[in-house]
Amino acid sequence: MSELVPRPNRRKLGLRIARAFLLTAASGIFWLIIWFLASMLLANFPNYQMLFTVLAWGLLFFTFAIALAEGTIYKYLLIIIRAFFLIVYLAYATNNGILTINFENFALTVEFLPLLALMIVINLLDIARGLLQAIEFAAQSPKD
Amino acid sequence: MRFTIRALGWIIALLWIITLILPVSVVLSLMKLAEGKNMGIQEPIFSLSNGNLSLTIPLYINNTGFYDISEVNVKIKISRANDVIATLLENLPDIPAGLMVNVSCTFSESLNEIFQRYRALLTEDANLDVDAALHFRVAYAVAFNIATNFTTKWGAPFQNLTIYDIAYNITTHVLSFSISFNNHAFFPINEPLTIELYNSDGKKVSSSSLSLNVPSGESFQEKIEVNVDPSKMTRSGFIRLFFSGLKIFEEEWTLS
């Protein structure tokens, strides 16, 4: 009997990894579409390519890690960390909501502080939700 | 707690949808505004009165976009070799969505004040740096600032101001001389020119006023005769010319 115990766990882990890969792949396709659409408007912004790549890879990592941590309290911890990452990175990448593109003799500055503030609020709400979910999870499964 | 978590989830999803739709719709709104003849600028009008220069640009905007346009302003900064000569700011009214607005963008500046600080602009042509910026906010959320800079040529109203052929008639006590200059400015000169003559001791020997009416781009040349006080007259001295209370010229004269 003792030899049979690890088998379901391994299969469970394998399924979890496969699910995480599928979710990450789906997210990757989504970010690729967003990248194509956003490139049409934002291609001229300085460092756009690099900033978008870091954001997309960061979020793909979190998608994979959160899917892998499904059923554990670490999932909620990762959700909270992801929200913090988004707050800091969005503020940094958008230069605190003020972006400037330089054309030949023109400079176009777009200021979207209210939108950035809204994104920060959303992520703060996400942190609050993650905390509540973690508390609820801990209350339901004392083993964790 | 489960209900709170679910409610938070819905709020987060809703806010993300708003956050993503807003910038896209703002761009679409601006694209709708830019197409066709929704914006137009009519011929600018220059006027000069009481030493104040006014530039009026009539324009119309038909806001066919989805959102109101607010905080519309135009800022122009004119400088010469990093010295700011004038800063002009005009705030325009808000343009509600679906409405057409006719506005006039008027810039006014006292030429006397400018010339007080930069007298060389009266007599020397110059290259001026112009920084122009248009600012507006769409949907009260996303602000745009379009800035450009270019160099423009300033035409001096008294370019190449020269005084020559100075002669003194000892019998009539009349000092005669010729004045010439080119009005390179974009505005006509129709304010008087004050002429003051001083002897070698610095005492005023004569003062007179010359009415000017020189259109833009025209040359001026005239022989002037002024009566002088013979008791103060010397063989040399200096002449000063004033325009709008500003000294624009000073040169020594010597009788041959």
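This is a predicted model: local features need pLDDT of at least 70, side-chain atom pairs count only at pLDDT 80 or more; totals for chains, interfaces and linings use all residues.

Biologist: OK, then what does that make A:Glu111, buried or exposed?

Modeller: A:Glu111 has a relative accessible area of 17%, so it counts as buried.

Biologist: Which residue does A:Glu111 form a salt bridge with?

Modeller: With B:Arg137, and the closest N and O atoms are 2.7 Å apart. That pair joins two chains, because B:Arg137 lies in strand β7 of chain B and A:Glu111 in strand β2 of chain A. B:Arg137 is buried too, at 11% relative accessibility.

Biologist: How many salt bridges does the rule find across the interface of chain B and chain A?

Modeller: Two. A:Glu136 also forms a salt bridge with B:Arg2, with 3.0 Å between the closest N and O atoms. Over all chains the count comes to 12 salt bridges.

Biologist: And what about polar contacts between the two chains, how many residue pairs?

Modeller: Seven residue pairs are in polar contact between chain B and chain A, counting pairs with both residues at pLDDT 80 or more.

Biologist: Which elements of chain B touch chain A?

Modeller: Two elements give two or more residues to that side: α1 (2–34) and β8 (142–154) of chain B. Of these, α1(B) gives the most, with 14 residues. The chain B side divides into 17 nonpolar residues, six polar and two charged.

Biologist: How much area is buried between chain B and chain A?

Modeller: About 2300 Å², and carbon and sulfur atoms give 71% of that. On the chain B side, B:Ile5, B:Ile12 and B:Trp16 lose the most area to chain A, together 22% of what that side buries. For residue counts, the contact takes 25 from chain B and 24 from chain A.

Biologist: Let's do strands. Which strand of chain A pairs with β8(B)?

Modeller: Strand β2 (residues 106–111) of chain A does, in the antiparallel sense and over six bridges. For a landmark there, A:Thr109 has B:Asn145 in β8(B) as its bridge partner.

Biologist: And within chain B, which strand is joined to β8(B) by 13 bridges?

Modeller: That's β7(B), and the two run antiparallel. B:Asp131 stands opposite B:Asn149 in β8(B). The hairpin of β7(B) and β8(B) has three residues between the strands, and B:Ala139 takes a positive phi near 60 degrees there. Strand β7 (residues 126–138) of chain B also pairs with strand β4 (residues 69–80) of chain B, antiparallel over nine bridges. In that pairing, B:Ile76 has B:Ala132 as its partner in β7(B).

Biologist: Since you brought up positive phi, which residues have one although they are not glycine?

Modeller: Two to look at are A:Asn95, at about 50 degrees, and B:Asn160, at about 60 degrees. A:Asn95 is in the loop between α3 (74–93) and β1 (98–102) of chain A, and its 48% relative accessibility makes it partly exposed. B:Asn160 is in strand β9 (residues 159–169) of chain B.

Biologist: Back to charges. Which residues are linked with A:Lys75 in a network of salt bridges?

Modeller: A:Arg19 and A:Glu70. A:Lys75 and A:Glu70 meet at 3.4 Å, N to O. A:Lys75 is buried at 17% relative accessibility, whereas A:Glu70 is partly exposed at 31%.

Biologist: What does A:Arg129 pair with?

Modeller: With A:Asp126, in a salt bridge whose closest N and O atoms are 3.4 Å apart. They are three residues apart in helix α4 (residues 113–140) of chain A, so about one helical turn separates them. A:Asp126 is buried at 7% relative accessibility.

Biologist: Last one: A:Tyr89. Where is it, and which residues does it touch?

Modeller: A:Tyr89 is in helix α3 of chain A, and is buried with a relative accessible area of 10%. Not counting residues up to four places away in sequence, A:Tyr89 touches A:Met50, A:Leu51, A:Val54 and A:Leu55.

Notes
Residues are numbered from 1 along each chain as its sequence is written. Chains are lettered from A and ligands numbered from 1 in the order in which they are written. Side-chain values use heavy atoms; hydrogens and water are left out. Contact means heavy atoms within 4.5 Å. Buried area is the accessible area (1.4 Å probe) that two parts lose on being put together, summed over both. A salt bridge is a side-chain nitrogen of Lys or Arg within 4 Å of a carboxyl oxygen of Asp or Glu. A polar contact is a pair of N or O atoms within 3.5 Å; within protein, one must be able to donate a hydrogen and the other to accept it, and residues adjacent in sequence count only if both atoms are side-chain atoms. Helices (H or I, at least four residues) and strands (E, at least two) are DSSP runs, numbered from the N terminus. Ala, Val, Leu, Ile, Met, Phe, Trp, Tyr, Cys and Pro count as nonpolar, Asp, Glu, Lys and Arg as charged, and the others, Gly among them, as polar. Two strands pair if DSSP finds at least two bridges between them. Buried means under 20% relative accessible area, exposed over 50%, partly exposed in between (1.4 Å probe, protein chains only).
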